[in-house]
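Please consult the sequence and the structure below while reading.

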Amino acid sequence: FYQKKRDYFCDLIKNSKFSFDPAPGTYFQLLKYDDITKEKDTDYAVRLVKEFKIASVPVSVFYHEPTDNKVLRFCFAKKEETLEKAAAILNKI
């Protein structure tokens with residue numbers, strides 16, 4: 001079930017500026033954005049919400065030591081309509 005959703009979401013964003021490998025065993029897709037901006041992941045996540053109305057989880061918040069690999073988590077456990085709207089936004093960035 002979730003693999004199909006992941007594959008659908010990844011197919012929708014395959015031409016975006018984000019880089020990624022399909023995430024196994026989860027319902028979060030990691031998207032690397034270092035080719036888009038050098039912003040800190042927490043700052044970029046906030047900007048995406050404010051400017052594009054799309055939410056993500058910055059991966060750095062899971063580390064004890066300061067780490068910023070320019071990676072955000074996006075949940076794909078959503079309706080197809082929601083994934084399509086998210087992909088349309090991500091493809092415009």
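Which residues form one aromatic cluster? The cluster consists of Phe1, Tyr2, Tyr27 and Phe28. The model discussed here is predicted.

**Aromatic pairs**

- The count of aromatic pairs comes to 5.
- One of them joins tyrosine 2 and tyrosine 27, whose ring centres are 5.5 Å apart with 35° between the planes, a tilted arrangement.
- Tyrosine 2 belongs to helix 1, whereas tyrosine 27 sits in the loop between helix 1 and strand 1 (28-32), so this pair ties together parts that are 25 residues apart in sequence.
- Tyrosine 2 is partly exposed, at a relative accessible area of 39%, and tyrosine 27 is partly exposed as well, at 40%.
- A further pair is made by tyrosine 33 and tyrosine 44; because the ring centres are 4.5 Å apart and the planes meet at 35°, the pair is tilted.
- Tyrosine 33 is in the loop between strand 1 and helix 2 (41-52) and tyrosine 44 is in helix 2, so the pair links parts 11 residues apart in sequence.
- Both tyrosine 33 and tyrosine 44 are buried.

**Packing of helix 1 and helix 3**

- Helix 1 (residues 2-13) packs against helix 3 (residues 80-92) at an angle of about 30°, and the two axes are 9 Å apart.
- The two helices are therefore roughly parallel to each other, since angles under 35 degrees count as such.
- The crossing of helix 1 with helix 3 is right-handed.
- Helix 1 contributes Lys5, Tyr8, Phe9, Leu12 and Ile13 to the contact, and helix 3 contributes Glu80, Leu83, Glu84, Ala86, Ala87, Leu90 and Asn91.
- Classified by residue type, this contact of helix 1 with helix 3 comprises 8 nonpolar, 1 polar and 3 charged residues.

- Leucine 72 is part of strand 3, which spans residues 71-75.
- Its relative accessibility is 0%, so leucine 72 counts as buried, the limit for this class being under 20%.
- Beyond its neighbours within four places in sequence, leucine 72 is in contact with Gln29, Leu30, Leu31, Tyr33, Asp41, Tyr44, Ala45, Leu48, Ser56, Val57, Pro58 and Val59.
- Tyr33 and Tyr44, which are among these contacts of leucine 72, are also the partners in the tilted pair described above.
- Aspartate 11 is 61 residues from leucine 72 along the chain, and the C-alpha atoms of the two are separated by 18 Å.

Terms used: Residues numbered from 1 in each chain as written. Predicted model: local features only at pLDDT ≥ 70, side-chain atom pairs only at ≥ 80, totals over all residues. Heavy atoms only, no water. Helix = DSSP H or I, 4+ residues; strand = E, 2+ residues; numbered from the N terminus. Buried < 20%, exposed > 50% of the residue type's maximum accessible area, 1.4 Å probe, protein only. Contact = heavy atoms within 4.5 Å. Axes fitted to C-alpha atoms, helices over the stretch in contact; angles between N-to-C directions. Parallel < 35°, antiparallel > 145°, perpendicular 65-115°, else oblique. Left-handed = near helix turned anticlockwise from the far one by under 90°. Nonpolar A, V, L, I, M, F, W, Y, C, P; charged D, E, K, R; others polar. Phe/Tyr/Trp six-rings, centres within 6.5 Å; stacked < 30°, edge-to-face > 60°.
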